Structure formats: structure tokens, C-alpha cells
There are 2 protein chains.
Amino acid sequence: MGFTGRAMDWEGRDNAMIKLNFNKMGGLIPAIVQDDKTGDVLMLAFMNKEAWEATLKTGKATYYSRTRQTLWIKGNTSGNVQIVKEIRIDCDDDAVLLKVEQVGGAACHTGHRSCFHKLVEGETAHITGEPVFNPEEVYHK
Amino acid sequence: MGFTGRAMDWEGRDNAMIKLNFNKMGGLIPAIVQDDKTGDVLMLAFMNKEAWEATLKTGKATYYSRTRQTLWIKGNTSGNVQIVKEIRIDCDDDAVLLKVEQVGGAACHTGHRSCFHKLVEGETAHITGEPVFNPEEVYHK
């Protein structure tokens with residue numbers, strides 16, 4: 001088919017049932033989390049099918065913790081939950097993008113707004129930005 | 001230590017040698033790709049150590065194709081290379097964020113600006129935006 005410029009893919013579909021591919025990573029898909037207002041990328045996490053369904057159902061970003069091997073409602077400990085404003089799926093259905101309202105202003109356990117606060121400069125990574133909370137207080141360490 | 005608000009982490013370091021952790025995903029790290037000007041998230045790809053080093057050396061985004069199991073210089077076929085403007089590393093050194101200038105205006109093989117062009121609405125995913133090129137022409141299918 002030719003170039004139509006219309007909002008549809010090249011098979012001519014413009015919407016379809018959601019079919020995420022969890023197989024490429026052994027049951028997980030990567031989820032990019034972006035601040036809905038600033039556009040800043042806040043973090044990268046992983047979802048299994050259960051986390052995906054919980055996110056859709058509750059409207060709160062829910063992930064799968066590879067370290068703890070459990071479902072992880074983001075902010076359940078710190079109070080810094082993520083209210084999901086928009087969800088996008090990529091072209092081959094193996095990654096998702098969440099646009100969220102980050103309660104508390106910081107997504108990172110270090111207190112920084114974004115987990116991506118290390119800027120590469122030459123051979124080193126330089127910490128940028130200021131923490132907005134003290135993790136020792138938030139996590140009662 | 002107390003809350004200082006300074007641009008350093010809680011161990012008091014403000015920069016350090018880059019030590020990416022490729023072990024969590026069997027030699028790969030996820031790379032989020034963001035348009036340097038618009039802030040739009042363009043795609044998610046993976047890097048092995050060789051792809052990471054090629055990206056740093058050449059300034060062109062280079063990934064590892066899991067499907068083809070080879071190094072993949074993004075845009076080598078389509079001409080739509082990604083000029084790296086900034087690189088950030090996340091808090092636990094297992095994911096990177098590239099801010100790029102997307103030559104040709106589209107990152108996705110479908111001709112869309114972003115791979116994340118499927119918007120979730122209820123039970124379906126709806127294609128948003130208009131393709132900026134015809135992949136049949138670009139890839140000579």
C-alpha cells in the first residue's frame with residue numbers, strides 16, 4: 001500500500017487489541033517512566049503480566065522487582081507513588097512508556113527527581129541536580 | 001550524614017568512574033532514547049559493552065540487535081542515524097539514557113517519529129501521529 005500519512009500503521013490498522021510480548025525477556029517487559037509535565041525520564045523498571053494488569057486496574061504504576069522477585073507498587077514504602085496519566089506501547093509490543101505524575105517529586109531511592117542523574121562527561125559520570133528528599137528519613141534507615 | 005542539598009550522592013561522591021553493570025541482563029543494558037529537542041521518548045534498545053564503547057567513540061548511537069545478534073549502528077540502513085548529545089546513567093548503573101538528534105525525524109522502522117506511537121485507550125492500543133517517511137521506500141522492500 002502507498003503512503004497515506006494517516007494515523008495508522010502500514011497494515012492499515014489504526015487500533016488493535018493490546019498484545020504485549022512478555023516472551024523476549026522471560027516474562028518481563030521494560031517500562032520507561034516519564035514525568036507527564038516536564039518530560040523528564042524518571043526511571044526504567046520492569047513489568048510482568050501481573051504488574052501490567054495491576055497498573056491498568058489501579059492507575060498506580062506497579063512493577064516487578066527483579067531483586068526481590070515480587071510485585072512492587074512504586075511508592076508503597078516512601079509514599080512517592082506514580083499516578084499514571086498515559087500509557088504507550090512500542091512498535092513491536094515489547095516495551096511500554098508510562099507518563100506519570102510523580103507524587104513527592106522524586107522517583108529515585110536516592111532522593112533525586114530522576115534515577116538518571118549521572119551525566120557522562122568523558123571518562124566519568126557526574127551527579128547532577130539536587131536530591132529533593134533525604135532517603136535516610138524516608139526509608140527510616 | 002545529613003541532608004545537604006548538594007549535587008552529590010549520599011556517599012558524598014559527586015563523580016566517579018563509569019562502571020556499567022552488564023550482568024543483570026546477560027551482557028546487555030537497556031538504553032532509553034529521547035529526542036534532545038522535544039523530550040519525546042523515541043525508542044528503547046539494548047547495548048552490550050561493545051555497543052556502549054562504539055557509541056562513546058563515534059558519537060552515533062550504536063546498539064546490540066537481540067534479533068540479529070549483531071552490533072547495530074542505528075540508521076546505517078535508513079540513513080536515520082542518531083547523533084548523541086548527552087548520555088545519562090541511572091542510579092544503579094544498569095540502564096542508560098541517550099539524548100539524541102534524530103536525523104530524518106523518525107526513529108521507528110514504521111516511519112513514525114517514535115516507536116511509542118501506540119496509545120493505550122481502555123482495552124485497545126490506538127496508533128497516534130503520522131509517519132514521516134514511507135518504510136517501503138526507505139528500506140526498499
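User: Before anything else, what does "contact" mean here?

Analyst: Contact means heavy atoms within 4.5 Å. This is a predicted model, where local features need pLDDT of at least 70, side-chain atom pairs count only at pLDDT 80 or more, and totals for chains, interfaces and linings use all residues. Residues are numbered from 1 along each chain as its sequence is written, chains are lettered from A and ligands numbered from 1 in the order written, and side-chain values use heavy atoms, with hydrogens and water left out.

User: Okay, so through which surface do the copies meet?

Analyst: Through the same surface, because 100% of the interface residues of chain B are also interface residues in chain A. Chain B puts 63 residues into the contact and chain A puts in 64.

User: What rotation superposes chain B on chain A?

Analyst: Copies are superposed by least squares on the C-alpha atoms of residues with pLDDT of at least 70 in both. Here the rotation is 180°, with 0.0 Å of shift along its axis and an RMSD of 0.0 Å. That is the relation of a two-fold axis. B:Gly39 has the C-alpha nearest the axis in chain B, 2.9 Å from it.

User: And how many salt bridges are there between chain B and chain A?

Analyst: A salt bridge is a side-chain nitrogen of Lys or Arg within 4 Å of a carboxyl oxygen of Asp or Glu. The count between these chains is 4. Take B:Arg66 and A:Asp94: they form a salt bridge whose closest N and O atoms are 3.6 Å apart.
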